[in-house]
Amino acid sequence: MTKPALTPDEVAKQAATAGDLAELDSLVSGCRACPRLVEWRESVAATRRASFREQEYWGRPVPGFGPADARLAILGLAPAAHGGNRTGRIFTGDRSGDVLFAALYRAGLANQPTSVSRDDGLVLRHTRIFAAVRCAPPDNKPTPAERDTCAPWLHREVALIRPTLRVVVALGGFAWAAWWPAFSRVYDQRPPSPRPAFGHGALARVGDTGPVLLGCYHVSQQNTFTGRLTPAMLDDVLARAKGLAGLA
Ligand code: SF4
């Protein structure tokens, strides 16, 4: 039987109960709080792209991926309709993920350069990847209300890895903006005003306790196909992130 949808308040309460990442991942995966996104993710899963017709789509919220003692986090926007929404793992099974995981492998942060399915043996080192919004949105554009409803999942995930987290790489302006409420909630600090502007290579260090925020153009096809974001640029960001995280 389909679970009833949580209200935004109930999402926040439920997220706060997660005692570890496994519990959080399980709770996230069952969330149905945003009617538009639930309808979209499930209709994509039912219709399927022709090239994936034989595959069973995940069609649910996509949890984060990576170890609980991560020193480095990579924050994206939301799962892709035929990527994470198909495979059940963030950035897995699409061109964006091909670029990202190849770079993580070159940086020594992944044991293999590809990410194709949840059982492909991929292991991340020191790195947790998650998205600001956990369900695939139409046109990759969540509404502000959907972003805010989903935020407690992100905030709890950051809180759970806070003891080791040193650097957050924000992929694109949406993730950069989504970081500040997380920072405020988890680290109990006021974000700077005005907020630091997103840019590729932009760095924001606030206070003594929070992690460093590092900006990177999103690994979308729009950026990688046009050369706005090259593999070398991604390598540079990850090398910098590793240095800031004490992993170099
Ligand atoms: S976007 Fe987030 S809050 Fe909304 S249904 Fe998906 S997991 Fe739940």
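Analyst: A polar contact is a pair of N or O atoms within 3.5 Å; within protein, one must be able to donate a hydrogen and the other to accept it, and residues adjacent in sequence count only if both atoms are side-chain atoms. Here the side chain of R89 reaches the backbone oxygen of S117 at 2.9 Å. The model is predicted, so local features need pLDDT of at least 70 and side-chain atom pairs count only at pLDDT 80 or more, while totals for chains, interfaces and linings use all residues. Residues are numbered from 1 along each chain as its sequence is written, and side-chain values use heavy atoms, with hydrogens and water left out.

User: Which residues does R89 touch, not counting residues up to four places away in sequence?

Analyst: Contact means heavy atoms within 4.5 Å. The list for R89 is V62, F65, G84, S115, V116, S117, R118, D120 and L122, with residues up to four places away in sequence not counted.

User: How many salt bridges are there, and which residue forms one with R89?

Analyst: A salt bridge puts a side-chain nitrogen of Lys or Arg within 4 Å of a carboxyl oxygen of Asp or Glu. The count by this rule is 10 salt bridges. R89 forms one with D120, where the closest N and O atoms are 2.8 Å apart. Because D120 lies in the loop between α5 (95–106) and β2 (127–131) and R89 in the loop between α4 (84–87) and α5, the pair ties together parts that are 31 residues apart in sequence. D120 counts as buried, at 19% relative accessibility.

User: What do other salt bridges look like, such as those of R106 and E42?

Analyst: The side chain of R106 meets that of D235 at 2.9 Å, N to O. R106 is in helix α5 and D235 in helix α9 (residues 231–244), so this bridge ties together parts 129 residues apart in sequence. R106 is partly exposed at a relative accessible area of 45%, and D235 is partly exposed at 28%. A network also exists: salt bridges with shared partners join D25, R128, R134 and E157.
E42 forms a salt bridge with R32, with 2.7 Å between the closest N and O atoms. E42 sits in helix α3 (residues 35–47) and R32 in the loop between α2 (21–29) and α3, 10 residues apart. E42 counts as partly exposed, with 33% relative accessibility.

User: Now the sheet. In what order do the strands run?

Analyst: Strands of a sheet pair through backbone hydrogen bonds, either parallel or antiparallel. Two strands pair if DSSP finds at least two bridges between them. The five strands form an open, mixed sheet in the order β2-β1-β3-β5-β4. β2 and β4 (203–204) are the edge strands, each pairing on one side only.

User: How does β5 pair with β4 and with β3?

Analyst: β4 and β5 (residues 212–216) are antiparallel over two bridges. In that pairing A204 stands opposite L213, and L203 has L214 as its bridge partner. β3 and β5 are parallel over five bridges, with V168 opposite L213.

User: Which residues of β5 lie on each side?

Analyst: In a regular strand the side chains alternate between the two faces of the sheet. V212, L214 and C216 are on one side of β5 and L213 and G215 on the other, all of them buried. Axes are lines fitted to C-alpha atoms, for helices over the stretch in contact, and angles run from 0 to 180 degrees between N-to-C directions. Helix α9 lies across β1 (72–76), β3 (167–171), β4 and β5, at about 175° to β5.

User: How do α2 and α6 pack?

Analyst: Angles under 35 degrees count as roughly parallel, over 145 as roughly antiparallel, 65 to 115 as roughly perpendicular and the rest as oblique. α2 and helix α6 (residues 144–161) pack at about 170°, with their axes 10 Å apart. The two helices are therefore roughly antiparallel to each other. L21, L24, L27 and V28 in α2 meet W153, R156, E157, L160 and I161 in α6.

How values were computed
Helices (H or I, at least four residues) and strands (E, at least two) are DSSP runs, numbered from the N terminus. Buried means under 20% relative accessible area, exposed over 50%, partly exposed in between (1.4 Å probe, protein chains only).
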